[in-house]
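Have a go at each one before you read its solution.

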Amino acid sequence: MMLEVKAVGKRFGGLQALKGVTFMLAEGEILGLIGPNGAGKTTLFNTINGVFRPDTGRIIFRGEDLTGQPPWEAAKRGMARTYQVVRPLNELSVLENVIAGACFGRHALSVRKAAVVAAEVLEMLGLSKQTCQPAGSLNVAEKKRLELARGLAARPYLLLLDEVLAGLNPSEISGMVDIILKIRDSGITILMIEHVMQAVMKVSDRLIVLDDGELIAEGRPSEITNNPVVVRAYLGDPRDAERLMAGGRA
Amino acid sequence: MKRWYQAGFWLPVAIMLAWGAAVWAGGEDAAREKAFTLIMFVGLASSLNILLGYTGYVSFGHIVFFGLGGYMGFYLMAVCAWSLPLAALAGGVVSALIAGLLGLAVLRLRGAYFALATIGVNEAARSFVSNFEPFGGSTGMSLNFSVYQQYGGAGKALWLTFALMVAVTASAVLVSAMIKNSRFGLGLLAIREDEDAAMVMGVRTPRAKTIAYMASAFFPGVIGTLYFFKNGNVEPGDAFQLHMSIELLVMVMLGGQGTVLGPLLGAVTYQGMRGYMLTSPLFKDLHLAVAGAVLLLIVLFVPAGLVGWLRGYFPKLRRALE
Amino acid sequence: MRILISLLDGLLIGFVYGLSAMGLSLIWGVMKVINLSHGAVMALGMFFSYAAISRFHPGLALPAVAVFGMLLGLLIYGVAVHRVISAPHLSSLLATFAVNMIIIGVGTAVFSTSPRNIDYSAGTMVLGDIRLPGTRLLAAGASILVTAVLYYFLYRTRSGKAIRAVANNRMAAGLMGISPTRSLALSFSIGTGLAALAGGLVATMFPFTILSGSTYEVKSFVICVLGGLGNPLGALLGGLILGGIEGVVPTFMPVSWVPVLEFGLFILVLVLRPGGLLGEK
């Protein structure tokens, strides 16, 4: 079992952001994490990779309890993560960004060896032409690929993708989906937060749905789309919608 | 990432050594004095650059390590009769250790809070030392002139101090180059660009920052001891000048922060400008104002400093200008 | 009894410290800029009040000092700060520091470093054994008044609310039709106005030179951290704490230990409660 999240809870002041979230992730799976805005998806990521310490529950990564450990512990054990709003190391070149990912990831590589890994990864993600440019000068789609490259260069077992498709146009999305599938085929397990529904439905083996901090559904994409609980979470109560349409008050 | 044989790596170190050798060979006291001050600032600026340019932590009170290390080294010479090289080394080590301890508290702060804390630390150190009797309180300590006889007289002592200053500055520049081209340095640069992202990437940020802080404190400690030995005395007012701290900052910015050559160029240029203005009847009283104006222009229009500007103008020299 | 008098004395000065720190705190709170020319502006305020009080009644001179400070602030903002307002913090730190160097440099050349003294006496208030100099009472009173006016401005007037909006979220405020530049420039100039005014008040109490501002600047940093950066009321509180310490400690410790205590407290607060005792705003 690649990842076990057990009854994780997290509170910020008055807000209970996560309420007893439990799920498991098997090796080689692509698990999609969906849910309406504000559901706590990114917060969940943050507790998994150590940015936040959960108030309750455990995070078990490849059999090891990582609950509350600082983020670099997760990174060194093979967990890589991308951000929703990308965070490139702006003043460093594209190559240096990815070398950094390789140097501090699962293997503590020397700069020279890391450069080799970095070149490979950049090639795979189609960024070979931009290696010497400062990372800050790339466009959004390129920055997303750079973020992904940096994560992959760490040779992770598990890759956490936070809305990696956001802000991309349809052809870019299709390209990125191919890359994600290739990554999984290379043996990396993926947990991805996504809002682009067709893409996540197509790519994921399973889905889990988070709403208001709680896990409300789990299953295959086909099961989830028809789950009324899920639909209500996204769209609100359908009976309210009917009433409104009929001209009455909700 | 450069190898040791590539120009960008060895050029700054070579410049320092060549400069020192030239002055030594010339044997002139006046040239030595001038070079001493300049080389001292290059060393101080380079050390600040490790913290500021590579790690991105702005320290306004970096001079505190010059003062604390200098005081410690001076004490060892004046009271415990240690020799200059050993005392200077000890001064550096003590500075680094203090930085390590201090870092536990202040490196948890970010940005402006850290900057303010460094000012506080400097002022606290100065006030503390002014009250600390073993270090001579507010009057400080002085060296008995006979100490210089140990080195063959005042003249020889001054040349020895000069040679040591060249050595320590060349080391500082070398270490700076080594850090910049190492895995450790890459971690620091990542911290500078985005500390949280660096953590998530796997950089052990607290450890990296502490090592950088200690490294940046070591050289000023050694340099301080050498400086005060040459001066013959040390007092709180001289050792913890906030003003000097800020000038170091200007030098690093002027030359180009985050580069190896930058502090070198910046220190030389700034001191050159300052020297020119102090002797010019027109600018004599205004040197601080002019320095301020220069700093402002750089911050507003040329933030990459001299090195950045040169790299833009001479793209072919980019490999050498690092 | 003696301690009480010293404490009271310290608190009165503390009000003025608080006033000066308020300017710094406001600028930080609104635009995340630490104005390193704060001390220099205070010093200029001292000189301005020196010139003004000898010619006009303080009731006129002191507001004039404040206005002078505000105009100066607009100038500094326009020249140095505006361009780097969205740049990394280091840029604005260095820009304001450069301004500081320029002011001190020119000031030293023009005014030299000989101390000036304002011979102004507002009498002394006598309460039994306690003698309180009138100037201190006036200064404390002015500080309290100005604080009240500042709060009224920030919470009851349109421009003040605009400033608070920009402080909260610059981009959103811009989208709502508030000109961020206008609010930023205004808050910067209010900040410097407060600094100049505080300098002007200090000048009535102690002799000064162009370099005197730096001591107060460092004190202002300490106060801002104590009270919480961006929190003007916190600045006042911090000022009182500092003034109180400065008043009381010398009664049982050699006075040279006061700075050590101040900075020790400063670092302690920074490390334990970086948001300040009252929290940031």
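**Exercise 1.** Work out how many residues of chain B and chain A are in contact, and what the chain B side is made of.

Step one: 15 residues of chain B are in contact with 24 residues of chain A, where contact means that the C-beta atoms of two residues, placed from the backbone, lie within 7 Å. Step two, the elements: on the chain B side, α7 (183–193) and α8 (195–201) each supply at least two residues. Helices here are DSSP runs of H or I with at least four residues, strands are E runs of at least two, and both are numbered from the N terminus. α7(B) gives the most, with 6 residues. Step three, the classes: this side of chain B holds 9 nonpolar, 2 polar and 4 charged residues. Nonpolar covers Ala, Val, Leu, Ile, Met, Phe, Trp, Tyr, Cys and Pro; charged covers Asp, Glu, Lys and Arg; the others, Gly among them, are polar.

A word on the ground rules: this is a predicted model, with local features needing pLDDT of at least 70 and side-chain atom pairs counting only at pLDDT 80 or more, while totals for chains, interfaces and linings use all residues. Residues are numbered from 1 along each chain as its sequence is written, and chains are lettered from A and ligands numbered from 1 in the order in which they are written.

**Exercise 2.** Find how α7(B) is oriented against α9(B), and which residues meet.

Start with the axes: those of α7(B) and α9 (205–231) of chain B come within 10 Å and cross at roughly 105°. Axes are lines fitted to C-alpha atoms, for helices over the stretch in contact, with angles from 0 to 180 degrees between N-to-C directions. So α7(B) is roughly perpendicular to α9(B) (the class for 65 to 115 degrees; under 35 is roughly parallel, over 145 roughly antiparallel, the rest oblique). Next, the residues: Phe184(B), Gly187(B), Leu188(B) and Ile191(B) of α7(B) meet Thr205(B), Ala208(B), Lys209(B) and Ala212(B) of α9(B). By class, that's 5 nonpolar, 2 polar and 1 charged.

**Exercise 3.** Describe the side of chain C that touches chain B.

First, count: 34 residues from chain C and 33 from chain B take part. Then pick out the elements: α4 (89–111), α9 (212–227) and α11 (258–272) of chain C each give two or more residues to the chain C side. The largest share, 16 residues, comes from α4(C). Last, sort by class: the chain C side has 27 nonpolar, 6 polar and 1 charged residues.
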